[in-house]
Amino acid sequence: MPILFLLRRYLVPKEGNLLSFALWVSVIGVVIGIIQLMLVLSVMTGFLEFLEDKYTAISSDMVVIPKNSAAKVNFPEIIHKIPEVQALTPFGLGQSMLIKEGVAGVTLEGIDLASSSQVTQWEQVWLAEPKGQSEVRNAHWIWLGSQLAKKIRAQVGDSVEIFIPGQKNQLEPFTVTAITKFGLYDHDLHYARIDLNVLRTIFNKTNSPVLYKVKIKEAVPLFRAARAVKVALQKNAQVKTWNQINQNLFLAVEDQKRRLFLVLEIIVGLAGVNVISLLMMSSHYRRKDMAILRAMGFKARGVFLFFLAQGAVVGAIGVSLGLGFGFLTCKLVEKYQPSILNEAIYNTNRLPFKIAVGDVLLISLAALGLCIVFSVLPALRAAYARPVEALRYE
């Protein structure tokens with residue numbers, strides 16, 4: 001095809017350093033824009049995956065909240081029969097004050113030791129794990145979050161008191177048998193675990209239904225499992241998935257990711273403007289060649305497609321190099337980054353990275369599309385230039 005022949009002949013400028021310089025400026029601009037986009041989007045995607053891992057570890061895949069009117073319903077029996085469900089465990093919640101060397105507000109989560117390990121991988125979150133059968137010997141045990149333990153200066157083996165609000169305002173003694181670290185600063189600062197039966201007794205909730213954490217089987221879509229649980233329980237309980245429980249947080253991160261993509265796409269757009277300068281210079285240097293081709297019968301449509309193809313090739317080269325250098329940059333920053341984040345704000349002191357295939361495709365198509373769009377104007381100018389004007393004084 002004539003266009004492919006012209007591209008092979010004219011793509012890499014051989015006449016004049018200025019045209020070569022303009023070509024590489026255009027390519028480098030696209031490369032830098034793509035590297036920035038890959039860094040930002042991979043960090044935002046990494047944060048989403050980081051938060052997903054942490055919040056599913058805390059709240060499980062889904063939570064079943066029975067209604068008071070369904071006190072006689074055997075929820076464990078019904079849920080266990082659902083094919084998508086792997087395990088479940090009962091739990092309860094209560095608010096109180098924790099007293100040792102200072103006072104701290106705490107959310108107490110009552111857990112069932114026998115079944116909780118089937119849903120929560122405790123061995124992955126223990127900062128100081130229980131020793132022996134300490135929970136069996138003493139029902140008034142407590143597992144503190146790492147930041148909470150640091151705040152009240154408590155260690156494994158220490159005694160703490162829990163203030164239970166109510167008519168008696170009693171103080172309940174507990175022994176610290178483990179310290180957990182889920183990796184979310186706010187959670188580790190305000191949460192502690194105790195025995196479920198003890199929680200129900202001290203908060204006078206023995207007649208109230210317990211909640212259930214549900215873990216689904218691997219490779220089962222969350223929405224399908226949630227629908228199956230809802231159908232099985234009918235109107236006897238509410239079913240909340242982990243992303244519904246933390247909906248506002250995840251929507252905020254996803255919205256910020258979209259906005260940052262649009263802002264940084266402006267940088268790629270500015271790099272794409274260089275394509276206009278490149279093609280304008282290219283049309284000026286090659287006006288005699290194009291005029292001769294037009295005089296020999298080469299159509300204006302062919303000239304337009306030739307210059308449009310130049311812009312597309314520049315964009316493709318920039319995208320290819322940008323993706324390669326962007327991937328390398330993400331890996332280097334992930335490996336050698338300093339601890340620059342405030343863990344109290346971001347729940348981590350390092351930037352999490354996750355290069356998603358969808359993000360890479362979006363970046364590539366957007367950058368290539370901009371380069372092609374910015375090639376239209378100079379391509380039209382070259383296509384409709386009059387051959388006789390270029391050859392008048394030759």
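Visitor: Does threonine 177 count as buried or exposed, and why?

Guide: Threonine 177 counts as buried because its relative accessibility is 7%, where buried means under 20% relative accessible area, exposed over 50%, and partly exposed in between (1.4 Å probe, protein chains only). This is a predicted model, in which local features need pLDDT of at least 70 and side-chain atom pairs count only at pLDDT 80 or more, while totals for chains, interfaces and linings use all residues. Residues are numbered from 1 along each chain as its sequence is written, and side-chain values use heavy atoms, with hydrogens and water left out.

Threonine 177 sits in strand S7, residues 171-180 (strands are DSSP runs of E, at least two residues, and helices runs of H or I, at least four, numbered from the N terminus). Its side chain makes a polar contact with that of tryptophan 143 at 3.0 Å; such a contact is a pair of N or O atoms within 3.5 Å, one able to donate a hydrogen and the other to accept it.

For the surface, take leucine 332, in helix H13. Leucine 332 counts as partly exposed because its relative accessibility is 44%. Helix H2 (17-59) and helix H13 (300-336) each give two or more residues to the patch, and H13 provides the largest share, six residues.
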